[in-house]
Structure formats: C-alpha cells, structure tokens
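Trainee: Could we go through this model together? I would like to begin with the overall layout and then turn to individual side chains.

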Amino acid sequence: MGLAANRKIAFSSADMKLYAAAIVRCDVGAARVVAFEMENSHFGFIQRGSVREYMLFFARTIAERTARGVRMSVEENDYVVHCFCNLGGLAALIIADREYPVRVAFALIARILEDFAREVPRDTWLVATERIEWPPLRGFVHQYQDPAAAVLLGIGEAIDDLGELLARNLQAP
C-alpha cells in the first residue's frame with residue numbers, strides 16, 4: 001500500500017457547493033461584471049434574485065480589491081470567494097461554500113481566464129456595456145459541482161494534451 005494509498009482524492013461532493021462564477025473587468029475604476037453564471041438549485045425561488053444581487057455585489061467588491069497577479073480568498077458568512085486578477089485587468093471569481101477545495105477553485109479560475117481570453121477578443125469585453133453571454137461559463141459551473149470529477153477530467157485532458165505533444169514530436173524530422 002504505502003504512500004500511494006494515502007493519496008486518494010477524498011472529496012465528498014454532497015457537502016460542497018459551487019454557487020457562482022464571474023468574470024470581472026478590474027483594470028480601471030469601478031469593477032464591471034463581464035459575465036456571470038449562478039447555480040440556482042441551491043436556493044429557493046424567492047431567494048434567487050436577492051442572492052444573485054448579493055453575489056454580483058460581492059464579486060465586484062472583491063475584484064476591485066484584488067491586485068493584479070494576486071490570488072485572494074475571502075470568507076463572508078457561509079460563502080468563500082476565490083479571486084484571481086490577471087495582469088491584463090480581467091478577474092475570474094468563484095463563489096463557493098467553505099468545504100469547496102481551494103486548489104480546485106483556483107484551477108477552475110485559471111481555466112476560465114484562459115478559455116475566455118482565447119474565445120472572446122479583448123476588444124469585445126473592453127467596450128461591452130452589458131454582460132457578455134458566454135455559454136462555457138455555465139458549463140464550468142455545472143461541471144465543477146463535483147470537484148473530484150473535475151480533477152479527474154483535468155488529469156484526462158492533460159494526458160490527452162501530452163499524447164498530442166508526443167505524437168507531434170515523434171513525427172517531427
């Protein structure tokens with residue numbers, strides 16, 4: 001058995017909740033939410049509107065207070081907001097409960113920023129006056145409800161990327 005048996009991924013996803021994800025422009029003045037997605041099933045129908053506004057306010061506030069290139073986690077009541085603002089002035093935030101793994105949250109943030117930068121031109125989000133509808137954000141929020149599955153998915157994608165890289169290198173003259 002040894003060390004390998006002790007390194008199992010031991011997430012109990014029943015206790016962990018990922019409530020929302022946001023992409024926020026934080027390069028000038030007041031932060032502006034560029035894209036936002038919230039998992040509504042955790043809240044009653046009547047609560048959803050006020051919880052959504054609370055999370056949007058919290059996302060803007062934390063993004064404004066996060067320096068570029070810095071990771072930050074802030075606890076407020078039952079929520080934890082994980083935030084990273086890249087050097088280009090774009091921040092991604094995850095709003096989760098206290099049990100949600102920090103490493104998984106920041107891996108998701110990195111992936112959101114990477115994919116958003118690749119798929120949405122900088123000129124689009126710089127001049128946007130309304131929120132951008134970016135469907136992958138919804139997918140990330142639903143996919144990462146189970147952190148263990150998300151970690152395994154990330155490992156599988158890394159293995160696929162490595163396989164492609166090896167195949168290209170073997171074919172090179």
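Trainee: In what order do the elements of the protein run from the N terminus on?

Mentor: The order is α-β-β-α-β-β-β-α-α-α-α, which gives six helices and five strands. Helices (H or I, at least four residues) and strands (E, at least two) are DSSP runs, numbered from the N terminus. This is a predicted model, in which local features need pLDDT of at least 70 and side-chain atom pairs count only at pLDDT 80 or more, while totals for chains, interfaces and linings use all residues. Residues are numbered from 1 along each chain as its sequence is written, and side-chain values use heavy atoms, with hydrogens and water left out.

Trainee: How many of the residues count as buried?

Mentor: Of the 173 residues, 39% do. Buried means under 20% relative accessible area, exposed over 50%, and partly exposed in between (1.4 Å probe, protein chains only).

Trainee: And what share of the contacts comes from residues 24 or more positions apart?

Mentor: Such residues account for 53% of the contacts with a separation of 6 or more, a contact being heavy atoms within 4.5 Å.

Trainee: Changing topic, where does threonine 66 lie?

Mentor: Threonine 66 is in the loop between α2 (48–65) and β3 (71–76). The residue is buried, at a relative accessible area of 5%. A polar atom of its side chain is 2.7 Å from the backbone oxygen of isoleucine 62.

Trainee: Which residues is threonine 66 in contact with, leaving aside neighbours within four places in sequence?

Mentor: Those are Met72, Cys83 and Cys85.

Trainee: How many salt bridges does the structure hold?

Mentor: There are five, a salt bridge being a side-chain nitrogen of Lys or Arg within 4 Å of a carboxyl oxygen of Asp or Glu. One of them joins glutamate 37 and arginine 138, at 3.2 Å from N to O. That pair links distant parts of the chain, with glutamate 37 in strand β2 (residues 32–38) and arginine 138 in helix α5 (residues 135–143), 101 residues apart.

Trainee: Are those two partners buried or exposed?

Mentor: Glutamate 37 is buried, with a relative accessible area of 10%, whereas arginine 138 is partly exposed at 45%.

Trainee: Which residues are linked in a network of salt bridges?

Mentor: The network comprises Arg111, Glu114, Asp115 and Arg118. Within it, the side chains of arginine 118 and aspartate 115 meet at 2.7 Å, N to O. Glutamate 114 also bridges to arginine 118, with the closest N and O atoms 3.7 Å apart.

Trainee: Why are glutamate 114 and arginine 118 separated by about one helical turn?

Mentor: Because they are four residues apart in helix α3 (residues 102–119). Both glutamate 114 and arginine 118 are exposed, whereas aspartate 115 is buried, with a relative accessible area of 9%.

Trainee: Now the rings: how many aromatic pairs does the count come to?

Mentor: The count comes to six. Rings of Phe, Tyr and Trp (its six-membered ring) pair if their centres lie within 6.5 Å; planes under 30 degrees apart count as stacked, over 60 as edge-to-face and the rest as tilted. Tryptophan 134 and phenylalanine 140 form a tilted pair, 6.2 Å centre to centre with 50° between the planes.

Trainee: Why is the pair of phenylalanine 140 and tyrosine 144 edge-to-face?

Mentor: Because their planes stand at 70°, with the ring centres 6.4 Å apart. Phenylalanine 140 and tyrosine 144 are both buried.

Trainee: Which residues do ring pairs link into a cluster?

Mentor: The cluster consists of Tyr19, Tyr54, Phe58 and Tyr79.

Note on methods:
Polar contact = N/O pair within 3.5 Å; in protein donor to acceptor, adjacent residues only side chain to side chain.
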